[in-house]
Amino acid sequence: MTEPSKPSQPAPAESPRKKRRLGPPARMLIGAAFISAAYFIFHLLGWRQHVSAAYATSAGTNAALLMGAAYAVSYFATVFMGPVLVLAAGIYAVLARMFFNAGSTD
Amino acid sequence: MGTMRLLSPFKRLLLKAASLLIAAAVYLPLMHLLYRPGAAEIHSDAGAAPMAMRMAARQERIWTDKSLLGGEIAKMRRANAEWDFMGRSFLVWSLGNLSLRDPTRAGSSLAAMDNIIDETLRLEREGGMYVFLMGYAQAKPWVQKPERSIFIDGEIALMLGVRCMVRPRQDYLDELRRRRVDVMAERMEASPSLSCESYPDECWTFCNTTALAAMRVSDRLLDTDHSQLIRRWITYSKANLIDPRTGMLISAYTLDGKAIYRPEGSTIWHVCHCLCVLDEQFGREQYELAKKQLADSIVGFGYAREWPAGIEDQMDVDSGMVVPVLGASVASSGLACLAAGTYGDVDFLCGLVTTIRLGGFPIARDGELWHAGANQVGDAVLLYGLTVGPIWQKLKEGGK
């Protein structure tokens, strides 16, 4: 009698954790989105008007100084780093494929 | 689709670094194009530049809206009473030039100028000159008696003169001559340095050249002649007030001509502006020296330093905020717009305005434009830089 063949074992499922792992391009895009989101929130809160306190071009309260400084930092991060991160995400994906034939999650 | 391989951590890191570097190398040099104004937006040989019109609309509204004005002045005065005064001066000088550039708006500009001048004279009458001076003005005795500040007299005189260059008004002409120009000229003649104090035993080139420019206006409007005094002051300054290291005029000196403060951006740009109607060639030489030693740009963003490269100093109320490493100064960059506008250096002006549009936090609303990063005096200085020209041109055409 031949031993009945065992049903083939299904391949172990990829861990959901691994599936969710994001590659550097996606992380760069999310970083850009976070930076911009902070800026837009501060902008909607009207903190732009407090920048003069952060620049010491007018006297303001400590709260105005903090709001102005937070606004200025988030603005400069958005205009300097946001576009760089978005561009870098695209460049990473292209370079990974060109030189290493790797996927975007790498 | 081919098989994808996983990258080693080292290769990932390498790729990330390369991607960020390439992205920065592509984006940052082009970034200024997003902020750079068209030359026509900020400069006009005849007529008013659109940016100036929008800034003037805001400035005029400040002076017609009492609550807005009170807020702006209070914010400045808590930091520095001088800013309140200079905000008035620069705005009046701007509106005078704007009125000549666009005669259709002369009516509203004249009303605003008169309002500012009357209010300034009233405050000076009631509180004395100290109402517009920093506290240290009372810290030690003035050398010339009776005590007067040429900072106050010179700027008020130029306000009155510029206003009357647009349309003469007899009471302002009387004030200009009797209470300002005659007094300043007499005191300058009596001074060993042909200069007067802005603060006790502190003569600022900024204030003394402003006073001399006001005398030029007086000579054009009234039957006065200060050409000899102006010539002697220029000769004296060339011989005694030039910084040997930079070739630029020093910023401040004692009444007997001993240097106190070396050349600074917040002073020299305005001095160049005034020299344009006192000794144009000297003014242009100083402008070129200042530009060579204080002006710079990085990836298309123009700025001016408060001190020449390699000379370290501390930020103060005159320099405003100084950006570390670059040394870019808010005050020097703002006043550099004035010098660039005076000498028709549109390219430099464009570079400076590019930076202001990036880092000045402009707010454009209802046809008005102002900068959240600046105060009223900052916007007034920029407005003057965008409108400067017609008054000085009239003076140069007028002779004497």
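Two residues are in contact here if their C-beta atoms, placed from the backbone, lie within 7 Å. Keep in mind that this is a predicted model, where local features need pLDDT of at least 70, side-chain atom pairs count only at pLDDT 80 or more, and totals for chains, interfaces and linings use all residues. Residues are numbered from 1 along each chain as its sequence is written, while chains are lettered from A and ligands numbered from 1 in the order in which they are written.

Let's start with chain B as a whole. Its secondary structure comes to 16 helices and seven strands; these are DSSP runs numbered from the N terminus, with helices being H or I of at least four residues and strands E of at least two. The C-alpha trace of chain B spans about 90 × 50 × 40 Å along its principal axes. Among contacts in chain B with a separation of 6 or more, 69% join residues 24 or more positions apart.

Now zoom in on E60(B), which sits in helix α3 (residues 50–62) of chain B. Is E60(B) buried or exposed? E60(B) counts as buried because it has 22 C-beta neighbours inside 10 Å; the cut-off for buried is 20 or more other C-beta atoms within 10 Å of a residue's own, placed from the backbone. Neighbours within four places in sequence aside, E60(B) is in contact with S108(B) and A112(B). As for A111(B), 51 residues away along the chain, its C-alpha atom is 9.5 Å from that of E60(B).

Finally, look at where the chains meet: 23 residues of chain A are in contact with 31 residues of chain B. On the chain A side, α4(A) gives the largest share, nine residues.

Definitions and conventions: Buried ≥ 20, exposed ≤ 12 C-beta atoms within 10 Å, placed from the backbone.
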